[in-house]
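Please give a short report on the structure shown below, written for a reader who is new to it.

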Amino acid sequence: MDHARVVSVRIEHLEHEHGLWCNTCMLSTGMRFTVAVISRSGMHLQDRLWCYEHEGSRGVVVES
Ligand SMILES: [Zn+2]
């Protein structure tokens with residue numbers, strides 16, 4: 001592998017979960033997705049929340 005050619009951050013979509021509750025819309029229109037952010041310095045995972053009804057993340061509830 002030629003690491004010198006890696007100039008940008010790569011993002012891989014690992015998994016997603018539909019049907020999370022959104023307190024903004026009072027609907028089960030939220031989703032959670034996990035992405036792996038890969039850059040020169042390594043890799044880390046990010047959990048992101050999204051509601052496709054109001055197109056934002058505010059109010060989306062993650063049930064544990
Ligand atoms: Zn919403």
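## The sheet

Strand S2 (residues 27–39) runs antiparallel to S3 and is joined to it by 10 bridges, where strands are DSSP runs (E, at least two residues) numbered from the N terminus and two strands pair if DSSP finds at least two bridges between them. Within these two strands, isoleucine 38 stands opposite methionine 43 in S3.

The sheet is open and has three strands in the order S1-S2-S3, with antiparallel pairing. Strand S1 (10–22) and strand S3 (42–51) stand at its edges, and each has a single partner strand, so one side of each is left without a neighbour in the sheet.

## Basis of the model

This is a predicted model, in which local features need pLDDT of at least 70 and side-chain atom pairs count only at pLDDT 80 or more, while totals for chains, interfaces and linings use all residues. Residues are numbered from 1 along each chain as its sequence is written, and side-chain values use heavy atoms, with hydrogens and water left out.

## The zinc site

The zinc ion has as protein donors Cys22 (SG), Cys25 (SG), Cys51 (SG) and His54 (ND1), which lie 1.9 to 2.3 Å from it; donors are N, O and S atoms within 2.8 Å of the metal (3.2 Å for Na, K and Ca). In sequence, these donor residues follow the spacing C-x2-C-x25-C-x2-H.

The site is tetrahedral, with angles of 97 to 117 degrees among its four donor atoms, the term requiring that all angles lie between 85 and 135 degrees.

Cysteine 51 counts as buried because its relative accessibility is 0%, whereas histidine 54, at 29%, counts as partly exposed (buried means under 20% relative accessible area, exposed over 50%, partly exposed in between, with a 1.4 Å probe and protein chains only).

Technical notes:
Helices (H or I, at least four residues) and strands (E, at least two) are DSSP runs, numbered from the N terminus. Four donors count as tetrahedral if all angles lie between 85 and 135 degrees; four count as square planar and six as octahedral if opposite donors are over 155 degrees apart and all others between 65 and 115; anything else is irregular.
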